[in-house]
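Let's walk through this model together, one question at a time. Have a look at the sequence and the fold first.

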Amino acid sequence: MKRGIHLISIMLLVLLCTMVSAEVIFDEWVQDSKPFMVKDDELRASFRQQNQKGTIFTPSSTFLVDRGHCELNDLIKYCIEDVDYENAVYEDGKEYPLIRVIIETSEPAIAMSQTFSTTKPRQFERIEAQITITNTGDLRAENLRLEIPLPNTRIVSTSGGSIVGNSIIYETYLLPGQEKTYKYVFEPRELIDFNVEPKVTYHFFDRTKTIYGDATTIKVKLPFDFEEVLSDDALKSGETIEYNISFANTAERGDVEIAPLTVTVPSGFSVIAFTG
């Protein structure tokens with residue numbers, strides 16, 4: 001069958017913004033040099049106005065922190081957000097300002113975005129796709145494994161990675177702020193709608209995290225257009241009616257063929273002539 005109608009594919013952007021954000025475990029104003037509790041630990045904070053530097057004392061460590069900045073230790077970020085001298089406390093001739101301390105747990109934060117040449121392909125139509133993964137967190141994501149399941153498809157090509165069954169597997173790592181993009185091509189083999197839901201598993205320190213991107217539905221259509229036209233749908237005995245059937249290959253494929261077509265003539269009708 002010769003190629004018929006040609007479709008122009010428009011690249012669709014599907015954002016799969018799945019992120020693991022840091023968790024704020026403490027955000028309060030504390031008095032300079034006075035103890036305060038964070039969960040089960042007693043901490044203290046102090047600030048020197050001369051050099052605009054503060055100190056946060058924990059049971060196991062001491063952190064020097066510039067005003068408006070943070071220091072990271074393993075999975076914990078210690079911040080001196082601001083200092084208030086207007087409401088300072090004076091004791092024994094010494095000034096103790098209020099210090100806004102923010103403490104949050106930190107980890108890699110993975111964001112994913114994916115593009116498809118179409119999400120409504122014809123059966124056997126090739127779909128060009130790419131996925132970008134970004135580490136928006138503060139820690140390196142080790143042993144990162146990106147899995148893209150593509151059920152009911154044939155995977156044509158990938159930019160690296162490996163094909164396992166009907167899935168593409170990429171194994172890598174991401175530094176803080178780093179992003180990587182992978183491209184792949186696939187074609188639906190069955191006339192069945194399906195979801196593409198990427199999954200990322202990664203390690204940081206002694207932890208393992210798994211996140212899923214939003215599922216994108218691929219709606220598969222017939223690889224050709226089929227149309228029936230009757231010249232008249234109400235006629236008298238002895239009159240003739242013209243019945244036309246048309247096909248158009250819209251899958252932009254030269255190897256799609258239509259199987260032999262059988263038309264059953266209803267009782268009471270006679271075929272006068274046919275073409276094709």
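**A strand pair and its link**

Strands β7 and β8 (residues 76-91) run antiparallel and are joined by 5 bridges. Strands here are DSSP runs of E with at least two residues, helices are runs of H or I with at least four, and both are numbered from the N terminus. Two strands pair if DSSP finds at least two bridges between them.

This is a predicted model, in which local features need pLDDT of at least 70 and side-chain atom pairs count only at pLDDT 80 or more, while totals for chains, interfaces and linings use all residues. Residues are numbered from 1 along each chain as its sequence is written, and side-chain values use heavy atoms, with hydrogens and water left out.

Q: In what order do the 4 strands of the open sheet lie?
A: The pairing in this sheet is antiparallel. Its edge strands, each pairing on one side only, are β2 (23-31) and β7 (69-73). From one strand to the next, the twist averages 25 degrees, taken between axes that are lines fitted to C-alpha atoms, with angles from 0 to 180 degrees between N-to-C directions. The order is β2-β9-β8-β7.

Q: Which residue in β8 is the bridge partner of C70?
A: A disulfide, meaning a pair of cysteine sulfur atoms within 2.5 Å, also involves C70, with an S to S distance of 2.0 Å to its partner C79. That link is right-handed, with 105 degrees about the S-S bond. The bridge partner of C70 in β8 is likewise C79.

Q: Is C79 buried or exposed?
A: Buried means under 20% relative accessible area, exposed over 50%, and partly exposed in between, using a 1.4 Å probe and protein chains only. C70 has 33%, so C70 is partly exposed. C79 has a relative accessible area of 4%, so C79 is buried.

Q: Why does K77 count as buried?
A: K77 has its place in strand β8. Leaving aside residues up to four places away in sequence, K77 touches C70, E71, L72, I102, I103, E104 and D138, a contact being heavy atoms within 4.5 Å. K77 counts as buried because its relative accessibility is 16%.

Q: What share of the contacts with a separation of 6 or more is between residues 24 or more positions apart?
A: The protein has 0 helices and 22 strands. Of its 276 residues, 37% are buried. Among contacts with a separation of 6 or more, the share from residues 24 or more positions apart is 63%.
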